[in-house]
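Have a look at the model first, then read on.

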Amino acid sequence: MGHARDIEFVSSRDGVQLATARYGAGPTLIKAATWLTHIERAAPGTIQQALIDEFAPRFSYVEYDTRGCGLSQRRVDELSFEAWVHDLEAVADAHGREPFTLLGFTCAAGVAVEYAARHPERVSRLILFGGFATSYHSTSHPDPAIRREGDLMIELAELGWGNSSPAFRQVFVSRFLPAATQAQWMAFDEKQRTTATPDVAVRYLRAMYGMNVKEAAARVRCPTLVLHPKDDEMVRFEQGRRLASLIPGARFVPLEGRNHIPFPDEPAWEGFVRETRRFLGTNDEPAGRAEIRLTERQLEVLRRISFGQSDKQIAAALGLSPRTVEMHAARALQALGCRTRAEAVGRASERRMFVA
């Protein structure tokens, strides 16, 4: 389901222009920017769209493109952890002075922790997913094998990010999304290619691998929820648990899943939705939403459409004819009041039908 979007540009401390998008109305909830972002490329079946659909009905939900990526200024002199914190400060200041909920996903969790520690009066609640306190090059007792792994990731980015072959970039995809379908891999590979240039990718990795927010975590004073997939292959589960242990009073929730960034049909996303609603006190349904029911088969067909599967692929997987798949899809569109399959996938995601 589409949500009205307001796009604005704000200036960070060093003058870098940052693209922001705001959805919905109500208390402010800001998502700290990760890399590989593009505020105009939210698509059905992606975590970006799922977050919009989840929070826009209840909050003034704000996301922004990090420097060097998406619609934000691409050519930048400084690309560092400190610059990312300043960018979040600029975005927060541009959206009012009242305390707000801060969401830090994956590599932006550290930025969110640092901001919350520096500005305790601004952050009312903190939500962290898939985060870490230290990385490859910032741990106090580095394991040579672990450090070499980080060096290898940077080397691969240097050699292959701009290469016409996706082989190098797919190393990153396989770490981010080991349980994804081929179509989802291809979509993420395309996102890597179009949202960040090779030099930005390398500089971002170097800055990210040097992050250390252990001291900042101990200074966080707001209620904090930390969630982490148990089998995350990019940021190990122990790192998420360690981050939670450093934040006074933080609640830590293990989630089922392997993907570093969950898709909306995964148990990790269902757990994220359940726990964040409980944490934020938003278990109630938004007003004015009529009950819509799909059959299990219609929902399964729609879910597979969200993965990018064709009618023939869905038919083969479910033991149906392509014509029957087309019929189930058409009836799902009719029930949801949609004209296109993409619109139907978006509406089903917004109504959380894939995680029921």
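**Strands and rings**

Phe129 stands opposite Leu227 in S7. This is a predicted model, in which local features need pLDDT of at least 70 and side-chain atom pairs count only at pLDDT 80 or more, while totals for chains, interfaces and linings use all residues. Residues are numbered from 1 along each chain as its sequence is written, and side-chain values use heavy atoms, with hydrogens and water left out.

**Strand pairing**

- S6 (residues 123-129) and S7 (residues 224-229) run parallel and are joined by four bridges (strands are DSSP runs of E, at least two residues, and helices of H or I, at least four, numbered from the N terminus; two strands pair if DSSP finds at least two bridges between them).
- S5 and S6 also pair in the parallel sense, over six bridges, and Leu102 has Leu126 in S6 as its bridge partner.
- Five of the seven residues of S6 are buried (under 20% relative accessible area, with exposed over 50% and partly exposed in between; 1.4 Å probe, protein chains only).

**Aromatic pairs**

- The structure holds twelve aromatic pairs (rings of Phe, Tyr and Trp, its six-membered ring, with centres within 6.5 Å; planes under 30 degrees apart are stacked, over 60 edge-to-face, the rest tilted).
- One of them, Trp35 with Tyr204, is stacked at 5.2 Å centre to centre and 20° between the planes.
- Trp35 is buried at 5% relative accessible area, and Tyr204 is buried at 2%.
- Phe105 and Phe272 have ring centres 5.5 Å apart and planes at 70°, so the pair is edge-to-face.
- Phe105 lies in S5 (residues 100-105) and Phe272 in helix H10 (residues 267-280), 167 residues apart.
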